[in-house]
Amino acid sequence: MADETTPVAEVPKPAPAAPAKPAEKAKVVAPAFRDFSTITALTPDAMLGSNPYPASVAHNEALGFPGELAEGWEQKAVAKMGDLLGKYRSLKVYMDACVHCGACTDKCHYFIGTGDPKNMPVARQDLMRSVYRRYYTLPGKLFPKLVGARDMSKDVLDDWFRYYNQCSECRRCSVFCPYGIDTAEVTMAAKEIMDSVGVGHKYVNEIMGKVHKIGNNLGLPGPALENTLEGLEEDVLEDTGAAVKYPLDVKGAEVLLVTPSADFFAEPHVDSLIGYGKVFHAAGISWTLSSKASEAGNFGMFIGNYDQMRKIAMRIREAALELGVKRIVVGECGHAWRIAYSFWNTLTGVGAGANDPFAIELQKQLDHNYKQPSHICEVTWDLIQAGRLKFNKDANDHRIVTFHDSCNVARGSRMGDYAGGQFDIPRHIIKAVTNHYVEMSPDTTHERTFCCGGGGGLLSDELMDIRVKGALPRMEALKRIADKNGVNFMATICAICKAQFSKVLPYYGFKMSMVGGVHQLVSTAIVLDNEQ
């Protein structure tokens, strides 16, 4: 309707209120497996009690956000929405374009697992769309009840905090939307608005604070990181007889590897880090990790805040310049690869895009015979094709493998030089190092892949109920091939997927060790020179 950028309707001014309190812990139970033809039954308010822990005053203020709700927050929230509508034309299009056709309703894993109507992508969008209509459309200003427009209020804010933290920003619904509405962008905008008035998710905001202060999501200081890597070298030497190095802060190395911090100690993540090191060792490529940029993950994307995203990403540029590397390679992390592939160029100048003096300096330093940045799977596959890696595929014969496409890789990035490379390359690697591979149902893989259920900042213990329910579609597809083909290992290239599945697999009767990385398989099969 109207294109006003300044709201006309008055915003009500109730007394300041605190964010919604977390619900009491209830026993988490996995939903029953269904036939794929079963229509999800509606269960209104099924997830009304699901709330993430709100960020503390300290967590919010460390990121430059208000510590908590203050008087006048309603006007500030509406004004922030106007700012985002003016900044991102796509957001306004998404607010106006939806015709409620219903194509997205049964595509969300959280709706499938919970039956809560507000977890339909269209209904979740409408939580924001109703406020948008009230303040930024003429009908909403004049006849709010007729067009479903709502005032910004504490009840509305509570619904936002609850249900926008039941969206993993996986974008599966967008694949099926005839208008291409990106629900993830709507969720990101809602979270940015909430943070701007002092309502944030503790897990997400606390982690970003750790990255700013220390350099990684887990808060691992440099000495602890160095000690961990020395321990890995000893373990690999004992297991293989090969003196594989896991270097830290080595100036003049060819490759800077930026990987999720979970790779440094958590299982099964660490097995992929071991695999990266073996690949570089076998190929004779000098490489290093960085204590300054010891985190590929970037939770700034989850809250839609480009300032936070850039601040986190800049650590990588600074490390690359200080170490003088020629290549930047990203480890197995889904959203990290999306940010590296889609945002680093303009955020930091890694890849063509930025034109500040340091970005220009970095462009001169990097070797443009290689993709900048590159995914570790691209590196490994190129080496396999060049005949520089040798494998004993039989070493993986105790595994019958399938592959889970991580949503940010599948629907937010690419690998190789052609469309669909992000699907093919990991599978090519798996087939190069194993003898037994089985694909899951095509309706649950590639661009139609289901999210693991823990993405978008939902990987926190108080949200275990929604995480378990959201994993249902992937668990159903896995069970089918486990029963039919004996599949006992699900490979993935995402740290969040590994952490999420490790937790939820037992709820569905699987072993938590059933999930692992592609480079865990590489690590098992690779043949090293055994020179010490």
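In which loop is the place of Pro268?

Modeller: Please bear in mind that this is a predicted model. Pro268 sits in the loop that runs between β1 (255-258) and α12 (269-283). The peptide bond leading from Glu267 into Pro268 is cis, and its omega is near 5 degrees. Most peptide bonds are trans, and most residues other than glycine have a negative phi.

A cis bond also occurs at another proline: Gln372 and Pro373 are joined by a cis peptide bond with an omega of about -5 degrees. Pro373 belongs to the loop between α16 (357-365) and β4 (374-375).

Glu169 is not a glycine, yet its phi is positive, near 60 degrees. With a relative accessibility of 2%, Glu169 counts as buried because the limit for that class is under 20%. Arg171 lies in the loop between α7 and α8 as well, and has a positive phi of about 75 degrees although it, too, is not a glycine.

The cysteines may be considered next. The structure holds 0 disulfides. Cys173 is in none, and the nearest cysteine sulfur, in Cys104, is 6.0 Å away. Cys173 is buried, at a relative accessible area of 9%. Cys377 is buried too, with 0% relative accessibility. The closest cysteine sulfur to that of Cys377 belongs to Cys494 and is 12 Å away, so the two are too far apart for a bond.

Burial also marks a whole helix. In α14 (residues 334-342), 7 of the 9 residues are buried, so this helix is largely enclosed by the rest of the structure. Among the buried residues of α14 are His335, Trp337 and Arg338.

Finally, there is open space to describe. The largest pocket contains about 690 Å³ of space. It is lined by 31 residues, and those closest to its centre are Tyr203, Ile207, Leu218, Leu459 and Ala499. Helices α10 (202-213) and α22 (495-504) each contribute at least two residues to this lining. By residue type, the lining of the largest pocket comprises 15 nonpolar, 7 polar and 9 charged residues.

Note on methods
Residues are numbered from 1 along each chain as its sequence is written. This is a predicted model: local features need pLDDT of at least 70, side-chain atom pairs count only at pLDDT 80 or more; totals for chains, interfaces and linings use all residues. Side-chain values use heavy atoms; hydrogens and water are left out. On a 1 Å grid over the protein atoms alone, a cavity is a set of points where a 1.4 Å probe fits but cannot get out, and a pocket is an open set with protein on both sides within 12 Å along at least five of seven lines; lining residues have an atom within 4 Å of a point. Grid points are joined across faces, edges and corners, and a volume is the space filled by probe spheres set on the points. Helices (H or I, at least four residues) and strands (E, at least two) are DSSP runs, numbered from the N terminus. Ala, Val, Leu, Ile, Met, Phe, Trp, Tyr, Cys and Pro count as nonpolar, Asp, Glu, Lys and Arg as charged, and the others, Gly among them, as polar. A disulfide is a pair of cysteine sulfur atoms within 2.5 Å. Buried means under 20% relative accessible area, exposed over 50%, partly exposed in between (1.4 Å probe, protein chains only).
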